[in-house]
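Here is a short briefing on one chain and its ligand. Keep the structure open while you read.

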Amino acid sequence: MDLTVIVPTFNEGPNVAELVRRLGAALQGREFEVVFVDDSTDDTPAIIRGVADATDFPVRLIHRDEPDAGLGGAVVEGIRAAQARWCLVMDGDLQHPPEDIPRMIDRAAVGDVDVVVASRYVAGGTAGGLAGATRTVVSRGSTLLTKAMFPRKLHGCSDPMTGFFLLDRETVDLDSLRPRGFKILLEILARRQLRVGEVPFAFATRYAGESKASLTQGIRFLTQLAMLRFGRMSAFALVGGVGAIANLVIMWGLIRLGMDYVPAAIIASEVTIIGNFLLLEYLVFADMRSESGRMRSRFVKSFVFNNIEALIRIPVLSLLVQGAHLPSVFAAGITLVAAFVVRFVFHALWVYAPKRVGAPSPQSALAQASGRTLEG
Ligand SMILES: Nc1nc2c(ncn2[C@@H]2O[C@H](COP(=O)(O)OP(=O)(O)OP(=O)(O)O)[C@@H](O)[C@H]2O)c(=O)[nH]1
Ligand SMILES: [Mg+2]
């Protein structure tokens, strides 16, 4: 087997037959297989099986009943299951023309790269298939931001957000990837310096079906970027900072409405504690949720911890001010920083600790949780 074509699909039924037909035509005379990694909730799996029966090259289906880590997770699962060393990843909606694959293979055959990226933004490529001006601006802007954050690792890559690439799977450590959201190539390139080759391609319009891109995906992407660049602790700090500001704004608002400052402070704290928990769940620790038991028990732990923390922090603050005669704002700063570190360790090690048998130990969970700065 020379090549495994990996196609992540989510409700792409109407595109399957046409995609497989064009793949067969474009890759005629080569040894290859097609692997669909499917998270669909409709009849797409049945359509894939039907098409597989009618083709003379191997078409495999991996259907995930419990999808993990969305599109990125699906691609990683496909790479794991691949028979070939070289894996071609492409969308299932024909925005990535199968006819470009031979050029990508030729580029890889030169032998000096680990990954060949089909780029919309290199001379000769076009992004015409992006739906509308907003999508184009968002795509362009986020590409620039991403390249600015990883200037060295993404130096040779004009389109790190593309979902169309050919990868030598022996050059990536699949276990080190933390796929979340849509941008799996970025995850691969940011983890490790790879040699990148590019070929231009014309991004087509969707053949049939509906787009799965959304604002939620956009927010996930920004979190992914922050975590890749600065590690999980900074995403955690970001959420904490937003929470602290929200806390003060709520308190100020309630006092203006005539409430006494003590109940105002208590209400503001409780609202922030709940809001912070939700942000941690869906942004910072999203990739660890499935392994760390039930959401309700995580909420109870987090809620109890934060309330105890507030109960300890205030007396410590007055001790520092009255006992050690520190200026109050400075003292408050010290207690907040100390509380932040303790809170991070508590959430990473206990609230989001993996529950499954054979799961990593708390020590490795913390290493994973704190993340690393990936580029010097
Ligand atoms: N397995 C799997 N595939 C997904 C998931 N979400 C999206 N996909 C597939 O990933 C590919 C890209 O998704 P699209 O909805 O086309 O996203 P896009 O190309 O950025 O958006 P459009 O330009 O509007 O098409 C398609 O083949 C989808 O079916 C998912 O959660 N799991
Ligand atoms: Mg698409």
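Helices and strands here are DSSP runs, numbered from the N terminus, with at least four residues (H or I) for a helix and at least two (E) for a strand. Helix 7 is one such run, and Gly-231, which follows helix 7, has a positive phi near 90°. The model is predicted.

**Confidence**
- The chain has a mean pLDDT of 86. A pLDDT of 70 or more is reached by 93% of the residues.
- Residues 357–365 fall below 50 in pLDDT. Beyond near neighbours in sequence, this stretch still has 11 contacts in the model.
- Residues 371–376 also have pLDDT below 50. That stretch has 13 contacts beyond near neighbours in sequence.
- Where pLDDT is low, predicted coordinates should not be read in detail.

**Overall layout**
- The chain holds 12 helices and 7 strands.
- Its C-alpha trace spans about 80 × 40 × 40 Å along the principal axes.
- Domain 1 covers 3–211, and domain 2 covers 231–370. Their centres, taken over C-alpha atoms, are separated by 39 Å.
- Of the 376 residues, 35% count as buried.
- Take the contacts with a separation of 6 or more: 76% of them join residues 24 or more positions apart.

**Ligand 1**
- The shell around ligand 1 contains 21 residues. Pro-8, Ala-74, Gly-92, Ser-211 and Lys-212 come nearest.
- Strand 1 (3–9), strand 2 (32–38) and helix 3 (70–81) each supply at least two shell residues.
- Which element gives the most to this shell? Helix 3 does, with 3 residues.
- By class, the shell has 8 nonpolar, 6 polar and 7 charged residues.

**Helix 7**
- Helix 7 runs over residues 215–230, which makes 16 residues. At 1.5 Å a residue it should span 22 Å.
- Which residues of helix 7 are buried? They are Arg-220, Phe-221, Thr-223, Gln-224, Leu-225, Met-227 and Leu-228.
- An α-helix has 3.6 residues a turn, so residues three or four places apart point the same way.

- Asn-11 is not a glycine, yet its phi is positive, about 50°. Asn-11 sits in the loop between strand 1 and helix 1 (13–26).
- Is Asn-11 buried, exposed or partly exposed? Asn-11 counts as partly exposed because it has 17 C-beta neighbours inside 10 Å.
- His-325 is another residue other than glycine with a positive phi, near 55°. The loop between helix 10 (295–323) and helix 11 (328–351) holds His-325.
- His-325 has 8 other C-beta atoms within 10 Å, so it is exposed. The cut-off for exposed is 12 or fewer.

**Pro-45**
- Pro-45 is found in helix 2 (residues 44–53).
- Pro-45 has 18 C-beta neighbours inside 10 Å, so it counts as partly exposed. Buried would need 20 or more.
- Beyond its neighbours within four places in sequence, Pro-45 is in contact with Asp-38, Ser-40, Leu-61 and His-63.
- Pro-45 and Val-113 are 68 residues apart along the chain. Their C-alpha atoms are separated by 34 Å.

Notes: Residues numbered from 1 in each chain as written. Chains lettered and ligands numbered in written order. Predicted model: local features only at pLDDT ≥ 70, side-chain atom pairs only at ≥ 80, totals over all residues. pLDDT = per-residue confidence, 0-100. Contact = placed C-beta atoms within 7 Å. Domains from an automatic or database assignment. Near = placed C-beta within 6 Å. Nonpolar A, V, L, I, M, F, W, Y, C, P; charged D, E, K, R; others polar. Expected span 1.5 Å × (residues − 1).
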